[in-house]
Amino acid sequence: MSHKVVEAILDRFPDAVVSTHALHGDDTVVLRREYLLEVCRFLKDDPEMDFKMPIDVCGVDYLGRTPRFEVVYHLFSVTKRQRVRLKVQLDESDLEVPSVISVWKGVDWFEREAWDMYGVRFAGHPDLRRILMYEEFEGHPLRKDYPQRGYQPLMPMPTLPTEV
Amino acid sequence: MTSTLRKEDDHLHSEYMQIAMGPSHPAMHGTVQMLLTLDGETVVDVDVRIGYLHRGFEKMSEVCTYNQVIPYTDRLNYVSPLCNNVGWALTIEKALGIKPPERCDYIRMIVCEMSRMSDHLTSIGAGSLELGGFTPFLYAVQAREEVWEVIEEVTGARLTTSYTRVGGVTADLPENFGERWVHAKHEVERLIVDIDKLLTRNRIFYDRMAGVGVISAEDAVDYGFTGPALRSTGVDYDVRTYAPYLFYDRVEFDVPVGKHGDNYDRYLVRLEEIRQSIRIIDQCLEQMQPGPVRIDDWSVILPPKDAVYNTIEGMIAHFKLIMEGVKVPAGEVYGYVEGGNGEVGYYVVSDGSGSFNVSDAPPSTRST
């Protein structure tokens, strides 16, 4: 059913789409960054699309691949009962996408989380702070090159005196 | 955050008060900090700091096999762990393109609904407790305990259930499950009636709940609310009816919706959903037939111990599954189920080996 969403995007924004797939039945559109806001507005406002609900925004780190990062949007339409996944691929040197907070209010914390975890900047986000980690934390923990046990304690670990 | 005088109150010299609530506060269930701006008793603005309970579920999952993640999913919401277990298993099964036997799906539905009951009982009980209603809280906890006792007999644990596996569940229902369920059901039904009588038409409760925490249907959708919080606004989105998984299309149940999107409607929705869960479980028990509870594929599910100890093939399959885990083909998949508080979604990216990237879309970041 929701193939028509992919077709509608292809139809309306032929230059915006890098590729599409429907692995496991999840319709996916990879977009060029410049068109993201425009496509999102269309998906929300068009009565045939009606994607009023943002389900998830997250980053993915494909370490070793170029472009290295992806920002993934999962959208849902309550009235049309359809879903679509949008993706924007980003290079490490230019890790920035336009924030879609002007389209959906609910993406606020998701974008903050993606910034916190992957270091993706969301241009236009009014309050892009870390959300899960603390302000003193250095780096972005969900990047694949961040160590599994990369503890950064705020208090030094207590040590026993070695000499009496 | 604003801290300005309101014009009409100028002569009172009143101003907003800023209070840091938490991260450890007796009235809060969990470690979270809220920086509140208050106008008398009304909250004008709030800045929520949610990171204190961040455990790095996604980071830990990077080095786990798919089955090793299941105990982490328990902890995403400790009062409805089974919904999270089932969601994870269904997501990986979707990526693998496999389907467990019928009996397994019915069992998963039963445990999901029991989990939902315990979640709603907790919400109702704790909500009443915050308003000083200690008795309904005790009734709710007693009802929850009845449910948890049955869950314990099925899974071996009350909270950290880890009951599902990719391709099945750990064990079939115990033999006396039918009797145990009937007993628990009667207790829960009796206690819900008591809670209902004590709260629903209670003037004090009503005044504190009705018209408080109101959100419009439009805003709720825009913020990505799901579950009872969304349904209280009148939007009937429920994963179980919109995209039926397991056998939710074979059972009859109602999806209660509210009208006003306030705390009172959320309470009513939750209360009714407990009754609907009981209906669903009764129908599952009627419909389900004896049979296997795991798929018959040793590359996904552990072989029976008899085969492991006595045959070389069983031994190798066991070893490979423990050491390397299930092999999910490279690609991405999003799986979602109706959890206790809304849509629980898992977005999993596999590189084809045992390791992967996972992002989880829990209802509580969107709709608490």
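Modeller: Two residues are in contact if their C-beta atoms, placed from the backbone, lie within 7 Å. This is a predicted model, in which local features need pLDDT of at least 70, side-chain atom pairs count only at pLDDT 80 or more, and totals for chains, interfaces and linings use all residues. Residues are numbered from 1 along each chain as its sequence is written, and chains are lettered from A and ligands numbered from 1 in the order in which they are written.

Biologist: How many residues of chain B are in contact with chain A?

Modeller: Chain A contributes 27 residues to the contact.

Biologist: Which element gives the largest share of the side of chain A that touches chain B?

Modeller: Strands here are DSSP runs of E with at least two residues, and helices are runs of H or I with at least four, both numbered from the N terminus. Two elements give two or more residues to that side, strand 3 (53-61) and strand 4 (69-77) of chain A. The largest share, seven residues, comes from strand 3 of chain A.

Biologist: Why is strand 4 of chain A described as largely enclosed by the rest of the structure?

Modeller: A residue is buried if 20 or more other C-beta atoms lie within 10 Å of its own, exposed if 12 or fewer, and partly exposed in between, with C-beta atoms placed from the backbone. F69(A), V71(A), Y73(A), L75(A) and S77(A) point one way from the strand, while E70(A), V72(A), H74(A) and F76(A) point the other way. Strand 4 of chain A is largely enclosed because its buried residues number nine of nine.

Biologist: Which residue of strand 4 of chain A is the bridge partner of C58(A)?

Modeller: Two strands pair if DSSP finds at least two bridges between them. The bridge partner of C58(A) is V72(A).

Biologist: Which residue in strand 5 of chain A stands opposite V71(A)?

Modeller: Strand 4 of chain A also runs antiparallel to strand 5 (residues 82-90) of chain A, and nine bridges join them. In their hairpin, which has four residues between the strands, R81(A) takes a positive phi near 55°. Opposite V71(A) stands V88(A).

Biologist: How far apart do the C-alpha centres of domain 1 and domain 2 of chain B lie?

Modeller: The domain bounds come from an automatic or database domain assignment. Chain B is divided into domain 1 (7-53) and domain 2 (80-287). Their C-alpha centres lie apart by 31 Å.
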